[in-house]
Amino acid sequence: MKKTVALLFALVMAFSVCACSQPTPVDAPAEENTEIAAPAEETPAEKPHFDKLTLEFVPSKDADVIIAGTENLPELVKAEMSNLGYDIDEVDITVGTSYDATGEAMSAGSIDLGWLPGGTYALYSDDTDVILTATRNGLSNDSTDPKTWNGEANATQKNGPQVTYYRSLIYATPSEYGKKLAEKVNNGEALTWEDLDGAKWAVQKTSSSAGYIYPSMWLMANYDGKKISDLTNVIPLDSGYGTAFSYAAAEQVDIIVCYADGRNDYEASWILPTDEQDETGKQGMGRTESIWNELNVIGVTEGIYNDTVAISKASQYYTPEIVAALQDCFINIINTDEGKAIFDVYSHTGYAKATDSDYDGARAALKAVSD
């Protein structure tokens, strides 16, 4: 009996093993396993989020002109930074009360990005870092001979090749004394130090490349090391080049200094009545004769390395990844028609990535006029 039971048990086990090892037919439906969960979908990583990006421009143009000209920039920056992986709720644009005020605000960390001339950047580069250099259309005239810049026939055009530098010009105004200086230069006569020291000058703050540093270097090169600080009668201006041109038009000063295409920017407003504005918002200056005939160049400086876009080292955006995104952001914006129109307020037509060492020359210039 025991043998019979054992034999039956062995046959049952053998049959079970064979049944389990049979292959599933190719056309048989696979048995659904309801106990295994489907793999979860990956959640996209959230973009880094920032409340506000603050931008400030120096007052090299009238503040209301800059604000009007950059009105659409905040939305363009937010959209482009979003494309590059960063969400920013607000982009705030201001105009500094002076070049130094913008530099100080960036040093304190209250402004993230600033559009600074090379000299201003050199002065504040311990606390700021350049990320972009502006390119611009060169002018039709790049001569160092001042008389070739004067008169309606020599009106400069912004149609030259893309350049990374510009010049500053020393202008004689239509005041009685200014006309005497212009007459000498246009007749090919050299001005003496006494000629220049007898004039009333209007200049920008000491960190302005075109409005102080390079005109001072022009004096040093031509008048035995003498500088603007050695002149007898100098009026420092806090409110930018618009004030300098209005002083010139009112014949309140004899000499002003400005970037080389300054007359292009004030050509229309120069001859408008004082109660009118040109299409960019510049107030009329009440002259009746062309600015090219009335505001004569009497000196031409060496080339000045172009303006910067700099970032505060105290900014939350001062990281290699975000700096790279900001560089791409503004390069992409200025390569659009809308972006070109916005940055035309500064005569910027492009941006190139920059490094701090690009402005070693600006530091040397700043040191030369400060010693």
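Helices are DSSP runs of H or I with at least four residues, numbered from the N terminus. In this predicted model, Ser269 belongs to helix 10. The residue is buried, because its relative accessible area is 0%. A polar atom of the Ser269 side chain sits 3.4 Å from the backbone oxygen of Tyr266. Leaving aside residues up to four places away in sequence, Ser269 is in contact with Asp278, Lys282, Gln283, Gly284, Met285 and Gly286.

Turning to the sheet, five strands are arranged in the order 9-8-10-7-11, giving an open sheet with mixed pairing. Its edges are formed by strand 9 (234-236) and strand 11 (296-300), each of which pairs on one side only. On average, and with direction ignored, neighbouring strands of this sheet are turned by 30 degrees against each other. Within the sheet, strand 8 (residues 201-203) pairs with strand 10 in the parallel sense, over two bridges. Here Trp201 stands opposite Ile255 of strand 10. Helix 6 (residues 176-186) packs on the sheet, where it touches strand 7 (168-172), strand 10 and strand 11. The direction of helix 6 makes about 65 degrees with that of strand 11. Helix 8 (residues 209-222) also deserves a look: it lies across strand 7, strand 8, strand 10 and strand 11, and runs at about 110 degrees to strand 10.

Another helix with a well-described set of contacts is helix 3. The buried residues of helix 3 (residues 73-83) are Leu73, Pro74, Val77, Lys78, Glu80 and Met81. These buried residues pack against two strands, strand 1 (49-57) and strand 2 (87-95), as well as against helix 12 (320-334) and helix 13 (337-343). After helix 3 comes Gly85, with a positive phi near 105 degrees.

Charged pairs come next. Side chains of opposite charge can pair when their charged atoms come close. The structure contains 14 salt bridges. One of them joins the side chains of Arg136 and Asp307, at 3.8 Å from N to O.

Glu251 counts as partly exposed, at 38% relative accessibility, whereas Arg287 counts as buried, at 15%.

Lys147 and Asp145 also form a salt bridge, their closest N and O atoms being 2.9 Å apart. Lys147 is partly exposed, at 36% relative accessibility, and Asp145 is partly exposed, at 26%. Elsewhere, salt bridges link Lys61, Lys158, Asp261 and Asp265 in a network.

Finally, the cysteines. With a cut-off of 2.5 Å between cysteine sulfur atoms, the count of disulfides is zero. Cys258 is buried, with a relative accessible area of 0%, and Cys329 also counts as buried, at 0% relative accessibility.

Conventions:
Residues numbered from 1 in each chain as written. Predicted model: local features only at pLDDT ≥ 70, side-chain atom pairs only at ≥ 80, totals over all residues. Heavy atoms only, no water. Salt bridge = Lys/Arg side-chain N within 4 Å of Asp/Glu carboxyl O. Buried < 20%, exposed > 50% of the residue type's maximum accessible area, 1.4 Å probe, protein only. Contact = heavy atoms within 4.5 Å. Polar contact = N/O pair within 3.5 Å; in protein donor to acceptor, adjacent residues only side chain to side chain. Pairing = 2+ DSSP bridges. Axes fitted to C-alpha atoms, helices over the stretch in contact; angles between N-to-C directions.
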